[in-house]
Amino acid sequence: MKLSELFDQVPDIEIANLMADSRKKRPDSIFFCVKGMMFDGHKFIDQAIENGARVIVYSSDLDHMRPDVTYIRVKNVLDAYNYVADAFYGHPSKKLKMYGVTGTNGKSSVACIIRDLLNPFMPSGYIGTISIEYGNIKLPPLLTTPDIDDLHGILGEMVENGIQACALEASSIGIEQGRVDAIDFDTVIFTNLTHDHLDYHGTMQNYMHAKKKLFDNLKPEAVAITNVDDPYGMKVTADTPAKLVTYGIDQPADYRVTKFQLSKDCTRFTLTHQDREYEIETNLVARFNIYNVVASIAALHENGIPIQDLQEGLRNLNQIEGRMQRISEGQPFNILVDFAHTPDGIEKVCQYASAITPKNKRIIAITGSAGKRDSIKRPIFGKLLDQYCDMIILTEDDPRDEDPLQIAHEIAAQITHKNYIFDMDRYDAIRQAIEIADPNDTIIILGKGDERFIYREFGREPYEGDDAIAREVLKKYYFMKEE
């Protein structure tokens, strides 16, 4: 693309790439001097030029300018970056039916459910914490909400591959950092807001306002769908110019669940919409997944798909990787793998485990807490585990450069009634839980979900994944022992 197609009164330079990270090699690129929390792109212009930048987009005064480089001064570099990325990749979000999902918990589940239900009607993609998927392509995840260039580039690839819709997870940090400012959303869903990311946002109020920005900036013809049972549900959507639609169980809502029945392998509920009742059955389990399913139904129905046309798909949804994932290899006890890493998420998994575990049987938990992330929630984890679980194995979970044993001790400080042990080898922790489980016990493996990496001091290290380890241990140790 020519630079003159992106900016007025500039040389007719051919542009091949965009960049905001000066460390990456990007030949014939535009470098955007974005100011972040820790770094100011203006300080890395020379490095960007060495790595291929031919054009510099900046906003602050510069000490010197090279004659062989084009400099473009703008009022707001982030705004320019969003505008250029959208144009550079051909305005892909305008060519897709865009579903955004935001909230503390449930983003991945809702986005994946939307993708799976929508695929029979139109080819659909997904971008989020689990992966990047469209058509036959499945790529490892980047950030929950990718950076501006990556995000528009992925959407552009979807358009080129015939994809017609995309479900995108919009994290609070991604919203706050302007990564979705140029995304043309048709529908945005709010799931819930509970304790998380306070190391970044500082307060729950700031956290809520980050989510609110997404709804404040919707186009009038878009649809804003919110969980009316959540205390923040109506606050987040209070000023949206979009059509407001509500869903819930406890409060009156446009899409309301009036009766439900939970079991180990399916969920049944009655959904009421516009005075008509629909009997819904889904293979997803737990009360919180009712919210996720109803949010997805509302999003698709508001975009023209009849609820009755979704009922068959709801019965046979793909297992959402690492999200209340049932591991079943024929063992006589329950194993659930879940990404839960917030107090609310852990409590909801524990509540479901309590509901399906006989009174004389045990809930065995394997969990930890991430290093360099919101350490004030660690004692809260301990209290919740102490309340719901019978045996707790504390292990590592993305320790980064913190001592995982010290993190575990911070959790254990609030475990005062139940038995717990420390095992910093996550594989071995899962093995121990499976080896001590009795028939009808429930094992909950929390924190990592399907992630195939673990963050250590030096960065990402490959990790098999909690789900894969649980299956491997069952075959290697449990069933071998039975023989």
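## A tour of side-chain contacts

Begin by selecting Glu 133 and Arg 115, whose side chains form a salt bridge with N and O 3.3 Å apart; a salt bridge here is a side-chain nitrogen of Lys or Arg within 4 Å of a carboxyl oxygen of Asp or Glu. The model is a predicted one, in which local features need pLDDT of at least 70 and side-chain atom pairs count only at pLDDT 80 or more, while totals for chains, interfaces and linings use all residues. Residues are numbered from 1 along each chain as its sequence is written, and side-chain values use heavy atoms, with hydrogens and water left out.

Stay with this pair, which links distant parts of the chain, since Glu 133 belongs to strand β7 (residues 132-134) and Arg 115 to helix α4 (residues 107-118), 18 residues apart. Helices (H or I, at least four residues) and strands (E, at least two) are DSSP runs, numbered from the N terminus. Both Glu 133 and Arg 115 are buried, where buried means under 20% relative accessible area, exposed over 50%, and partly exposed in between, with a 1.4 Å probe and protein chains only.

Next, select Lys 213 and Glu 176, another of the 35 salt bridges found in the whole structure, with the closest N and O atoms 2.8 Å apart. Here Lys 213 in helix α8 (residues 204-216) is joined to Glu 176 in helix α6 (residues 172-176), 37 residues apart. Lys 213 is partly exposed at 33% relative accessibility, and Glu 176 is also partly exposed, at 32%.

Now move to Lys 448 and Asp 398, whose side chains meet in a salt bridge of 2.7 Å, N to O. Because Lys 448 lies in the loop between β21 (442-446) and β22 (453-456) and Asp 398 in the loop between β19 and α14, the pair ties together parts that are 50 residues apart in sequence. Both residues are buried.

For the aromatic side chains, a search of the whole structure gives six pairs; rings of Phe, Tyr and Trp (its six-membered ring) pair if their centres lie within 6.5 Å, and planes under 30 degrees apart count as stacked, over 60 as edge-to-face and the rest as tilted. Select Tyr 58 and Tyr 71, which are edge-to-face because their ring centres are 6.4 Å apart and their planes stand at 80°. Tyr 58 is in strand β3 (residues 53-58) and Tyr 71 in strand β4 (residues 70-73), so the pair ties together parts 13 residues apart in sequence. Tyr 58 is buried at 7% relative accessibility, and Tyr 71 is buried at 17%.

Phe 88 and Tyr 89 make another edge-to-face pair, 5.0 Å centre to centre with 85° between the planes. Phe 88 is buried, with a relative accessible area of 16%, whereas Tyr 89 is partly exposed at 27%.

Then select Arg 323 and Phe 339, where the charged end of the arginine sits over the ring, 4.1 Å from its centre; this requires NZ of Lys or CZ of Arg within 6 Å of the ring centre and within 35 degrees of the ring normal. The charged end of Lys 235 likewise sits over the ring of Tyr 232, 5.4 Å from its centre.

Finish at helix α13 (residues 378-388), whose buried residues include Phe 381, Leu 384, Leu 385 and Tyr 388. The buried residues of α13 pack against α12 (343-356), β18 (363-367), β19 (391-394) and α14 (404-412), contact meaning heavy atoms within 4.5 Å.
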